Amino acid sequence: MEPILDESSLVPCAMRSPAERIAALAQTLQALDGLGVATVLRSVQDAPDRDLGAGRGLRGWCFDPNTPRDAGRLVANRLSKQPYIDGDGGLFAKAEGARAAEALVDGHQVVGLGLAAMTDAIVVALATDHRTAGGVITVDITYVDDDGQREEHVEVFAFTTAQEVADARQNIIDRVGSYIKKPSEAFRAAVQGSPDLILHPDALNDADQLVEHRWRFAEEGAKLLARYAASEELGPLREWKQKFAVDFAANGRVSFKYRWTCKGEYREGSTEWHIKEGDNTTKRSAARIYFARVEFEGGARIVVLYVGPHPEDGERTLVFNAP
């Protein structure tokens, strides 16, 4: 989990000098480092040059004689890391995927806070005259995709001091510990907790080839299929997109035939069922999870047949035994 800089906080402040604000930011980042948060600071490309006072940006103030030397170097070094949040290939665009998204706070467009709202990331900021300390910020996100327009109101927490980090210590540790897993790890964890969720031996061969902005979808898909395998009441699969933001499709251009022996019982069939994220994009950027619900004596079992980028069109036959 990498902290994101709220670029809207990079404004002049009458209450504190730029040197004081940079020192506080450095201490905040160091406090997060100690809790296992990645030592990278994601920002928009022009963050180093936004005016903090006297017409100078972070880049200039980090090396000002009034700024503590170690604090200035730490912040300057973190700001040099790639990739940036904004731009066609930036992290915000990757989080958008096939959708178009706009993020606003108090009617003003934001990028860092928008990315944090979409990815459940940690936010760091400079205290300002308007926002004198960290706290909860409501981000209004509008998405537009093939299904129309929808709006979300997401609360994110921004940290401006090391003390605020200390006060939220356990929450941060929990979030870092539960941060997005690799798709293969997410599915193996889901199977461990759900005896009726089965992985075909080759199901995860391509799972970690998913582009990283699809990893959260894969993790949510794994959890949802585990709940489905446990016979939790989730409603019709066609309603999963509305309820859980996980899109289900009953058919497509890829099908899996299976021949499955389980505890001496033999079953065969074919499925095109899959959950997905990413349409009208490249095959590598389109995430697909193919699965089947198969009835056995004593109840149904859910078998995951494929996790990864959109596979080549056609039919595949899988033969396997499972517990």
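Glu312 counts as exposed at 52% relative accessibility, where exposed denotes over 50% relative accessible area, buried under 20% and partly exposed the range in between (1.4 Å probe, protein chains only). The model is predicted, so that local features require pLDDT of at least 70 and side-chain atom pairs count only at pLDDT 80 or more, while totals for chains, interfaces and linings use all residues. Residues are numbered from 1 along each chain as its sequence is written, and side-chain values use heavy atoms, with hydrogens and water left out.

The side chain of Glu312 forms a salt bridge with that of Lys283 (3.2 Å, N to O), a salt bridge being a side-chain nitrogen of Lys or Arg within 4 Å of a carboxyl oxygen of Asp or Glu. This pair links distant parts of the chain, 29 residues apart, with Lys283 in the loop between strand 11 (274-277) and strand 12 (287-296) and Glu312 in the loop between strand 13 (299-309) and strand 14 (314-322); strands (E, at least two residues) are DSSP runs numbered from the N terminus, as are helices (H or I, at least four). Lys283 is partly exposed, at 36% relative accessibility.

Across the whole structure, 20 salt bridges are found. Among them, Asp279 and Lys276 meet through their side chains at 3.3 Å, N to O, and a network of salt bridges links Lys276, Asp279 and Arg288. Lys276 is buried, with a relative accessible area of 18%, whereas Asp279 is partly exposed at 29%.

Asp247, in strand 8 (residues 247-249), is buried at 18% relative accessibility. Beyond residues up to four places away in sequence, the contacts of Asp247 (heavy atoms within 4.5 Å) include Lys276 and Asp279.
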